[in-house]
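The sequence and the structure come first.

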Amino acid sequence: MPELPEVETIRRDLLPSVQGRRITAAWVSEQAPHLVQLFPPEEFCRQLQGRLIKDISRRGKYLVFNLDAGLMWVVHLRMTGRLQHHDDGCPDTPYLRASFGLDDGTRLCFIDLRKFGMMWLVDDWALVHSRLGPEPLEAEFELAAFQSLLKRRSAPIKSVLLDQTVLAGVGNIYADEALFAAGIRPTRAANGISKVAAARLHAAIRDVLRTALGDRGSSFRDYVDGRGREGGHQLNVKVFRRTGQPCYVCGTEVRRVKVAGRSTHFCPRCQPTR
Ligand SMILES: [Zn+2]
């Protein structure tokens, strides 16, 4: 699933192509009955037509097209969703789930193999998500608040990091990478982590996300950017999907366990149990 660095890369790619453009046509495939939230798809398409795209922002893993009339068109790519801008029509694929014509003749194309992607058209963010946590790359992600939040959670630290009400935009890849960088075993109870280790983790989360953003995201399976190109950070991960390979720091084999149902990768030596 695209996480913060991937969604932010897509946002930056799409912005120059769509900012200031009007949506002249909108289409949602009948094969994607769960794509549009809150509205019937026909109503969603009707309301989008004629709207001006003023800007694109991002909140966690959500792309937010800020339209005129105070409306927000919100897109969550989930597992396999791709949102791409094309000059010459959308790619010929059975997985095209929606397309949006712009007033310069170009198109935004939503392609989604697994069909878990979601879209909203709202005037109030709370209709999309009412309790999203702070943005980890912004000042609102405060160390003291993070430390005291961990003290209140007995769940494994890995599952706490995946909780979008704790932190917006961190998923499986960057939770594993941040825990490795901080030297914390993913299975440890969050409230057993010292203040000093929590501070290391806070810094590691920001560092790992910034580095991945610099690499234009990670393409392990499905992710491509706003122009259909792969990211580069999959070549630079330290533990994610490196099961059985030697740790770059100590040479111990990277191991995989399940935490909260998610594959979790760690170095048993660099990330001790306490
Ligand atoms: Zn190691």
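A crossing of two helices is left-handed if the near helix is turned anticlockwise from the far one by less than a right angle, and right-handed if clockwise. Helices (H or I, at least four residues) and strands (E, at least two) are DSSP runs, numbered from the N terminus. By that convention, helix 3 passes helix 6 in a right-handed crossing, and the crossing of helix 5 and helix 6 is right-handed.

The model is predicted: local features need pLDDT of at least 70, side-chain atom pairs count only at pLDDT 80 or more, and totals for chains, interfaces and linings use all residues. Residues are numbered from 1 along each chain as its sequence is written, and side-chain values use heavy atoms, with hydrogens and water left out.

- Two packed helices are described by the angle between their axes and the distance between the axes.
- Axes are lines fitted to C-alpha atoms, for helices over the stretch in contact, and angles run from 0 to 180 degrees between N-to-C directions.
- Helix 5 (residues 172-182) packs on helix 6 (residues 195-214) at an angle of about 125 degrees, and their axes are 8 Å apart.
- Helix 5 is therefore oblique to helix 6; angles under 35 degrees count as roughly parallel, over 145 as roughly antiparallel, 65 to 115 as roughly perpendicular and the rest as oblique.
- On the helix 5 side, Tyr174, Glu177, Ala178, Leu179, Ala181 and Ala182 meet Arg200, Leu201, Ala204, Ile205, Val208, Leu209 and Ala212 of helix 6, where contact means heavy atoms within 4.5 Å.
- The residues of this contact between helix 5 and helix 6 divide into eleven nonpolar, no polar and two charged.
- For these classes, Ala, Val, Leu, Ile, Met, Phe, Trp, Tyr, Cys and Pro count as nonpolar, Asp, Glu, Lys and Arg as charged, and the others, Gly among them, as polar.

- Ten of the eleven residues of helix 5 are buried, so helix 5 is largely enclosed by the rest of the structure; buried means under 20% relative accessible area, exposed over 50%, and partly exposed in between (1.4 Å probe, protein chains only).
- The buried residues of helix 5 are Asn172, Ile173, Tyr174, Ala175, Asp176, Glu177, Ala178, Leu179, Phe180 and Ala182.
- The cover over these buried residues of helix 5 includes helix 1 (4-18), helix 4 (157-162), helix 6 and strand 10 (262-266).
- Gly183 follows helix 5 and has a positive phi, near 70 degrees.

**Helix 3 against helix 6**

- Helix 3 and helix 6 pack at an angle of about 120 degrees, with 10 Å between their axes.
- Helix 3 and helix 6 are therefore oblique to each other.
- Leu143, Phe146, Gln147 and Leu150 of helix 3 make the contact with Lys195, Ala198, Ala199, Leu201, His202 and Ile205 of helix 6.
- By class, the contact of helix 3 with helix 6 has seven nonpolar, two polar and one charged residues.
- Gln147 lies in helix 3 (residues 143-151) and counts as buried at 13% relative accessibility.
- Apart from neighbours within four places in sequence, Gln147 is in contact with Lys195, Ala198 and Ala199.

**Cysteines**

- A disulfide is taken as a pair of cysteine sulfur atoms within 2.5 Å, and the count comes to one disulfide.
- The disulfide is formed by Cys90 and Cys109, with their sulfur atoms 2.1 Å apart.
- The link of Cys90 and Cys109 is left-handed, with -90 degrees about the S-S bond.
- Cys90 lies in the loop between strand 5 (81-86) and strand 6 (96-102) and Cys109 in strand 7 (residues 107-112), so the pair ties together parts that are 19 residues apart in sequence.
- Cys109 is buried, at a relative accessible area of 0%.
- Cys45 is in no disulfide, and the nearest cysteine sulfur, that of Cys90, is 13 Å away.
- Cys45 is buried at a relative accessible area of 8%, and Cys247 counts as buried at 4% relative accessibility.

**Positive phi outside glycine**

- Leu38, a residue other than glycine, has a positive phi near 70 degrees.
- Leu38 lies in the loop between strand 1 (23-28) and helix 2 (41-48) and is exposed, with a relative accessible area of 59%.
- Arg78, also a residue other than glycine, has a positive phi near 50 degrees.
- Arg78 is in the loop between strand 4 (72-76) and strand 5 and is partly exposed, with a relative accessible area of 28%.

**Leu15**

- Leu15 is in helix 1 and counts as buried at 18% relative accessibility.
- Leu15 and Phe65 are 50 residues apart in sequence and 9.4 Å apart in space, C-alpha to C-alpha.
- Leaving aside neighbours within four places in sequence, Leu15 is in contact with Asp55 and Ile56.
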